[in-house]
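Let's take a walk through this model together, looking at a few backbone and packing details along the way. Please have your viewer open.

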Amino acid sequence: MMKSRFTYMVALLSAVTITATACGSSGGSGTNNANMDNQTDGKAVQQTPDSQKPAELSFYLGSMSKLEFEEIYAPLIRDKFPNYKLTGVESSNRIPDLIATGNVPDIIISTKGGIPSMMQEYGLEQDLTELIKTTKFDLSRIEPAFLDTMKYYTNGKIIGIPINAASFALHYNKTLFDKFGVAYPKDGMTWDDTYEIAQKLTRNEGGVQYRGYSERWHQMFMEFNQFSLPYLDAKEDKAAVNTDQWKTLINGFVRFYKLPGLKFDSKSGYTEEDLKVFATGTSGMQIFAQPDQFKTFEWDIVSVPTFKEKPNGALWGSPRFFFITNTSKNKEAAMNVSAFITSDEAQLKLTKKGFAPPLAKISDEMKNSFHADSQFYKGKHVTSFFYNKPASEPPARTPGLIYYSKAQAIMIAEVQKMFTEGMEVDVNTALRNAEELINKGIAEQKASKK
């Protein structure tokens, strides 16, 4: 049972990783031509002649469990570098304490949130430009949006290598679709298409209220939104939620909660409660689903629907990185390992375990092998996870601005009022209220620091 649960947790890597680092960065491309002279055409990265020399490498497990490191990553690395001694340092060890004792790990494993909170706050950034040249690492293999996620924080510097990314698909209840004679969803749908399907499935039959679509809606539509919208302004200490794009996005999902027959109170409309509905078999579609709980119905997956205003845009990919520290005494060995993890050889093995590749070009073999080792996705349409390109994340905010951590919670509460009985407001009111509350919170936080 422990192993199946662990496999499922790997399948939900995206949700686990991203939630911890909301309100961040990323952008367009702009990195495709980097190191073009060192391309490896998708083969395992070239190693320097001394790559097999003995080395000791320690890894700070900032966004990776000890179990994941020991069962998945460490064996993979040891097989390639048998002379490397690897040690995982759990995040319960505080970075300041490790600095004080001279035991800073060679590699910090973290998402983008670790850049300001660890790499920059404690002065551990290492510009990898020379190491990339030395190891002949082909940077153009990496999805540009993931590199930009990092570069927004580092003023354009490469200080880490993405090792995997989040990937999403729309899960649908085949049993429910068959019950009501509705055609299955398909790859490439828009949210308008999805809404039309939801209308057909939303009905009360035999005293049971069925829904076409349910979701952990704050994460899908707000935290990892496909329009790459932030809560806070990138250049000023103010909210950035009262915009036309936010209105389009919010209206685009709230309509699913206003279909005839549906009623929500402050509990049932809450995003975490809505997450549980699909597993009961009374909902037709959901993205942030929990496959280990699907006991009573047949299901499959298709690509995440997109907004017609932004076709082919998936959710944020929010990668994990290997950040090499400037205190490391084995920087080249650390770079060898980081480069190897992005090779096709390593990524194919990781893909089978449910880790989406951070690559600009993902091979058909990887797409078809995604979650191959998982009992939950066996026989499912797994290529749907890669139908769309990952959306860019909002740029990092200007250093020195107030980070108001309650902005997301405020936004969730105000938007929920749009479909909560007795509290109904329109989108303009919801976003205006959220803007006012966030700005008030920012002002109070600024005043408290004077």
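His371 is found in the loop between helix H15 (364-369) and strand S12 (389-391); helices (H or I, at least four residues) and strands (E, at least two) are DSSP runs, numbered from the N terminus. This is a predicted model, in which local features need pLDDT of at least 70, side-chain atom pairs count only at pLDDT 80 or more, and totals for chains, interfaces and linings use all residues. Residues are numbered from 1 along each chain as its sequence is written, and side-chain values use heavy atoms, leaving out hydrogens and water.

Most residues other than glycine have a negative phi. His371 is not a glycine, yet its phi is positive, at about 65°. With a relative accessible area of 1%, His371 is buried (under 20% relative accessible area, with exposed over 50% and partly exposed in between; 1.4 Å probe, protein chains only).

Ser228, also not a glycine, has a positive phi of about 60°. Look for Ser228 in the loop between H10 and H11. Ser228 counts as buried because its relative accessibility is 13%.

Finally, turn to an open sheet of 3 strands, with antiparallel pairing in the order S8-S5-S9. Strand S8 (285-286) and strand S9 (299-302) are the edge strands, each pairing on one side only; two strands pair if DSSP finds at least two bridges between them. Strand S5 (residues 170-173) is joined to S9 over 4 bridges in the antiparallel sense, and His171 stands opposite Ile301 in S9.
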